[in-house]
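This report describes selected local features of one model. The sequence and structure are shown first.

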Amino acid sequence: AKLHLLHIINSCSLHFASATHHSPFPLFVSNPSTVATMVLPHPFMTKSSGAGTTITVRFPSNAAAADEPPRFATGYWSIRGLGAPLRMMLCAAKCDHTVFLYDIVENGDGWTSGYFQEKSQMIEEYSAPLMNLPFVADRAERRVVCQTNACMAHVARHVGFWGSTKAEASQCEELLCEIYDVRNTIVKFSYGGDGSKEVAEKTLAAAKKNFAKLEAVLKLERGDEGASAPVHLVGGKFSAPDFHLYEMLDQYSGLCSCYGFPSFLEDFPLLKAFKDGFEKLEENQFYLNSWLHTGLPHNNCMACFASLPGEGVYKHGESAEEAKAWKGKGEITMTAEK
C-alpha cells in the first residue's frame with residue numbers, strides 16, 4: 001500500500017483572448033481557428049482503456065464536426081488537483097477537448113487504478129517514456145506532453161494564454177513554478193500529514209510566504225494605487241498561471257473553512273480580489289458550473305484533506321459507494337450553451 005501511495009503522489013508530482021485584448025500574439029500563438037477546427041488525418045489517443053470516465057467537451061461556437069476528435073486531450077486522476085487548471089484553461093479558451101479521468105479504487109487494504117495497468121502500453125504506443133499524470137495528448141502533433149508545467153505551457157501557447165511578448169512568456173514560466181511551490185505545501189499536508197488542526201495551521205503559515213510574493217506580483221500588475229485590482233497575473237489578459245493560482249486559492253480557502261481558520265485571503269486583498277473577479281469572468285462560467293469543478297474532490301482517496309467533494313475525507317472500506325458519484329462514469333459529452 002505504501003508503494004502504491006508513493007506512486008500515486010509522484011504521479012501527481014489554453015485560445016481566446018479577453019474581450020478587451022485583440023493582439024494576434026504573433027510570437028507565441030498558432031491560428032486560433034486551427035485549434036478549434038483542425039481536421040485530424042489519423043486518430044491519435046481517441047480512447048484510453050484505463051480511464052474510468054472519458055468526457056468530450058464541446059463548444060457550439062467551434063466549426064469542428066461533432067464526430068471529429070478535438071485536438072487536445074488531458075489525462076489526470078478523477079480529482080481536481082493538477083488536472084483542474086488544464087481543464088479550466090481549455091474551457092476558458094472555448095476549445096473543444098477530451099478529458100480522461102483515471103480512478104483510484106480500493107484493492108484489498110490498498111489501492112489500484114486502470115492507469116497503472118495501461119501505463120506501460122501507453123509508453124510504448126505513444127513513444128512517451130516520460131508518461132505521467134497529468135499529460136496532454138496533442139492529436140495534431142501526434143505526441144504526448146508530460147510534466148505539469150510543460151503541459152500547461154504547451155496548451156497555453158496554442159490557445160493564446162502565454163503572453164504576447166518574450167518577457168511575458170518568461171513571466172508565465174516564473175509564475176507557474178512559484179504556484180507549484182504553493183501546491184507542494186498542501187500536497188505534503190494532504191498526503192503526508194496526520195490531518196490535525198495543528199499541522200494544518202503550520203501548512204497555511206508556510207503557504208503564506210508564497211502568497212505574499214504573489215500578492216506583490218499583483219501589486220506590480222495593478223500599477224497605480226487607485227487602479228482596479230487585476231484579475232490576471234500577466235499583461236492584463238488570460239495566461240496559464242491564472243488558472244493554477246485560482247485553483248490554489250480555492251483549495252486553501254477550503255482548508256480554512258474545514259479547520260475553522262479565518263480566511264487567509266483577508267491578509268492578501270489583491271489575491272482576494274483576483275479570486276473574486278476571476279471566478280466572475282464570463283469565460284470561466286462554463287467550467288465553474290460544470291461537474292468537473294463542482295463534483296470532483298480536490299485530492300485523491302488516500303488524502304487526509306478534501307478527498308471527498310468539498311472538504312470531506314474518504315474512508316477506506318466506507319466511502320467506495322459514495323465515490324461512485326464521480327468515478328467510472330464511462331463516456332460523457334458536455335456541451336456548452338450557445
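## Largest pocket

Strand E1 (53-58) and strand E8 (330-335) each contribute at least two residues to the lining of the largest pocket. Strands (E, at least two residues) and helices (H or I, at least four) are DSSP runs, numbered from the N terminus. The structure is a predicted model, in which local features need pLDDT of at least 70 and side-chain atom pairs count only at pLDDT 80 or more, while totals for chains, interfaces and linings use all residues. Residues are numbered from 1 along each chain as its sequence is written, and side-chain values use heavy atoms, with hydrogens and water left out.

The volume of the largest pocket is about 310 Å³. Of the 16 residues in its lining, Thr 46, Lys 47, Thr 54, Thr 56 and Glu 331 are the closest to the centre. A pocket is an open set of points on a 1 Å grid over the protein atoms alone, where a 1.4 Å probe fits, with protein on both sides within 12 Å along at least five of seven lines; lining residues have an atom within 4 Å of a point. Grid points are joined across faces, edges and corners, and a volume is the space filled by probe spheres set on the points. The lining comprises 4 nonpolar, 6 polar and 6 charged residues. In this classification Ala, Val, Leu, Ile, Met, Phe, Trp, Tyr, Cys and Pro are nonpolar, Asp, Glu, Lys and Arg are charged, and the others, Gly among them, are polar.

Helix H3 (residues 83-92) is mostly covered, with 10 of its 10 residues buried. Buried means under 20% relative accessible area, exposed over 50%, and partly exposed in between (1.4 Å probe, protein chains only). Among the buried residues of H3 are Arg 87, Met 88 and Met 89.

Asp 103 lies in the loop between strand E3 (97-102) and strand E4 (104-107), and is buried at 9% relative accessibility. Although 52 residues separate Asp 103 from Ala 51 along the chain, their C-alpha atoms are 6.9 Å apart. Leaving out residues up to four places away in sequence, Asp 103 touches Gly 52, Ser 78, Thr 112, Ser 113, Gly 114, Lys 327 and Gly 328; contact means heavy atoms within 4.5 Å. A polar atom of the Asp 103 side chain lies 2.9 Å from the backbone nitrogen of Gly 328. A polar contact is a pair of N or O atoms within 3.5 Å; within protein, one must be able to donate a hydrogen and the other to accept it, and residues adjacent in sequence count only if both atoms are side-chain atoms.

Ser 113 belongs to strand E5 (residues 110-113) and is buried, with a relative accessible area of 1%. Its side chain reaches the backbone nitrogen of Tyr 115 at 3.0 Å. Beyond its neighbours within four places in sequence, Ser 113 is in contact with Trp 77, Tyr 102, Asp 103 and Ile 104.

## Ser 239

Ser 239 is located in the loop between helix H7 (197-222) and helix H8 (240-259). With a relative accessible area of 1%, Ser 239 is buried. Its contacts, apart from neighbours within four places in sequence, are Phe 161, Cys 172 and Val 234.

## Backbone geometry

Most residues other than glycine have a negative phi, and most peptide bonds are trans. Leu 133 and Pro 134 are joined by a cis peptide bond with omega of about 5 degrees. Pro 134 is in the loop between helix H4 (114-125) and strand E6 (135-138).

Arg 142 has a positive phi near 55 degrees. This residue is in the loop between E6 and strand E7 (143-146) and is partly exposed at 40% relative accessibility. Phi of Ala 306 is positive, near 55 degrees. Ala 306 is in the loop between helix H11 (291-294) and helix H12 (320-323) and is buried at 0% relative accessibility.

## Cysteines

How many disulfides are found in the whole structure? The search finds 0, where a disulfide is a pair of cysteine sulfur atoms within 2.5 Å. The closest cysteine sulfur to that of Cys 258 is in Cys 304, at 9.2 Å, which is too far for a bond. Cys 258 is partly exposed, with a relative accessible area of 36%, and Cys 304 is buried at 18%.
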